[in-house]
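This briefing takes up one structure topic by topic, from the chain as a whole to single residues. Please keep the sequence and the model in view while reading.

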Amino acid sequence: MNLNFFKYHGAGNDFILIDNRGKARHFSNREIQKLCSRHFGIGSDGLILIQDHPFHDFKMIFYNPDASQSFCGNGSRCAVQFAFDQKIISNNFTTFESTNGIYRAEILSSGEIDIQLQTCDNYEVSKQFIYLNTGSPHVIIETNNAHEIPIVSEAHKIRYNKPFEAEGVNVNFVETINHKTILMRTYERGVENETLSCGTGVTAAALSRSLISNQKGSHTINVETKGGKFTVRYFFDGKSFTKIHLIGPAEWVYCGTVSI
């Protein structure tokens with residue numbers, strides 16, 4: 001069977017997008033893994049299916065390369081750009097369903113995608129790291145040399161050990177540039193490797209600034225990754241993070257046909 005697909009990336013975090021409206025074709029784990037394989041398939045950090053939704057503009061189903069499912073911040077922003085390009089949405093504002101609920105997003109005049117994430121009150125601060133769940137679970141490790149860290153081997157010490165070995169966790173190494181800018185690298189579960197950027201990881205790293213400084217109120221943090229730059233805006237009342245906005249690029253790469 002021949003399948004039409006599109007490739008998009010959000011700051012180097014790349015995804016296969018398939019218009020699955022009207023068909024709702026089921027993909028087996030083997031097919032998902034093959035499509036995402038960089039040696040035997042198209043190659044990507046995830047597979048996104050765009051499907052019909054009875055009340056909102058569309059439904060987004062996201063699969064990691066190992067066929068597991070999770071919420072994906074960059075994938076969601078790419079889905080919004082795809083929906084606009086394919087005229088699924090006709091203006092710059094959209095609401096859609098993702099893995100863990102309904103999301104709102106806007107295509108800004110700059111061309112960047114601004115997605116509002118859900119409230120975050122699931123976090124923990126320890127001597128070893130900061131844990132936050134921003135739609136996906138993330139561990140934040142502070143470092144002074146993010147570029148030099150052997151990220152896979154260091155991330156494995158956390159991802160494959162208690163308490164995270166069963167469900168997995170994303171591991172982020174964060175270096176502070178100044179009070180408004182951080183540099184970070186991310187190891188993603190499901191990909192089981194470093195990715196050039198991670199939307200929920202960028203968000204978790206930005207929110208962790210308030211947990212470190214214990215500063216309440218509205219904040220804007222600039223985040224630099226290997227694949228590009230992001231802006232995260234949020235409000236922290238001392239207990240919960242609200243009004244969380246992840247802002248960054250989402251771009252079409254190419255389209256094609258693959259036989260599966």
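What radius of gyration would a compact globule with 260 residues have, and what does the protein chain have? For a compact globule with 260 residues the value would be near 18 Å, and the protein chain has 18 Å, so the two agree. The model is predicted, and the points below should be read with that in mind.

**Overall build**
- The protein chain holds 4 helices and 17 strands, and its C-alpha trace spans about 50 × 40 × 25 Å along the principal axes.
- Of the 260 residues of the protein chain, 53% count as buried.
- Among contacts in the protein chain with a separation of 6 or more, 60% are accounted for by residues 24 or more positions apart.

**Nonpolar cores**
- The largest nonpolar core has 49 residues, and those with the most contacts inside it are Leu17, Ile50, Phe58, Leu132, Val223 and Phe241; helix 4, which runs over residues 199–213, gives the most to this core, with 6 residues.
- Leu132, one of the residues with the most contacts inside the largest core, is in contact, once its neighbours within four places in sequence are left aside, with residues including Cys120, Pro137, Ile140, Ala204, Leu207, Leu211 and Phe241.

**Helix 2**
- Helix 2 covers residues 73–85, and at 1.5 Å a residue its 13 residues should span 18 Å; the end C-alpha atoms are 19 Å apart, which agrees.
- This helix is mostly covered, with 11 of its 13 residues buried; among the buried residues are Gly73, Asn74, Arg77, Cys78, Val80, Gln81 and Phe82.
- Just after helix 2, Lys87 takes a positive phi of about 60 degrees.

**Thr94 in strand 5**
- Thr94 is found in strand 5, which comprises residues 93–98, and Thr94 counts as buried because its relative accessibility is 5%, under the 20% cut-off.
- The side chain of Thr94 makes a polar contact, at 2.7 Å, with the side chain of Asp57.
- Leaving aside neighbours within four places in sequence, Thr94 is in contact with Asp57, Phe58, Val80, Ile89, Tyr103, Arg104 and Ala105; of these, Phe58 is also listed among the residues with the most contacts inside the largest nonpolar core, and Val80 is one of the buried residues of helix 2.

- Asn100 has its place in the loop between strand 5 and strand 6 (101–107), and at 31% relative accessibility Asn100 counts as partly exposed.
- Apart from neighbours within four places in sequence, Asn100 is in contact with Phe71, Gln118 and Gly135.
- Asn100 and Cys72 lie 28 residues apart along the chain, and their C-alpha atoms are separated by 9.9 Å.

**Cysteines**
- The structure holds 0 disulfides; Cys72 is in none, and the nearest cysteine sulfur, that of Cys198, is 6.7 Å away.
- Cys72 is buried, with a relative accessible area of 7%.

Key
Residues are numbered from 1 along each chain as its sequence is written. This is a predicted model: local features need pLDDT of at least 70, side-chain atom pairs count only at pLDDT 80 or more; totals for chains, interfaces and linings use all residues. Side-chain values use heavy atoms; hydrogens and water are left out. Helices (H or I, at least four residues) and strands (E, at least two) are DSSP runs, numbered from the N terminus. Buried means under 20% relative accessible area, exposed over 50%, partly exposed in between (1.4 Å probe, protein chains only). A polar contact is a pair of N or O atoms within 3.5 Å; within protein, one must be able to donate a hydrogen and the other to accept it, and residues adjacent in sequence count only if both atoms are side-chain atoms. Contact means heavy atoms within 4.5 Å. A nonpolar core is a set of buried Ala, Val, Leu, Ile, Met, Phe, Trp, Tyr and Cys residues joined through side-chain atoms within 4.5 Å. A disulfide is a pair of cysteine sulfur atoms within 2.5 Å. The expected span of a helix is 1.5 Å times one less than its number of residues. The radius of gyration is taken over C-alpha atoms; the globule rule is 2.2 Å times the number of residues to the power 0.38.
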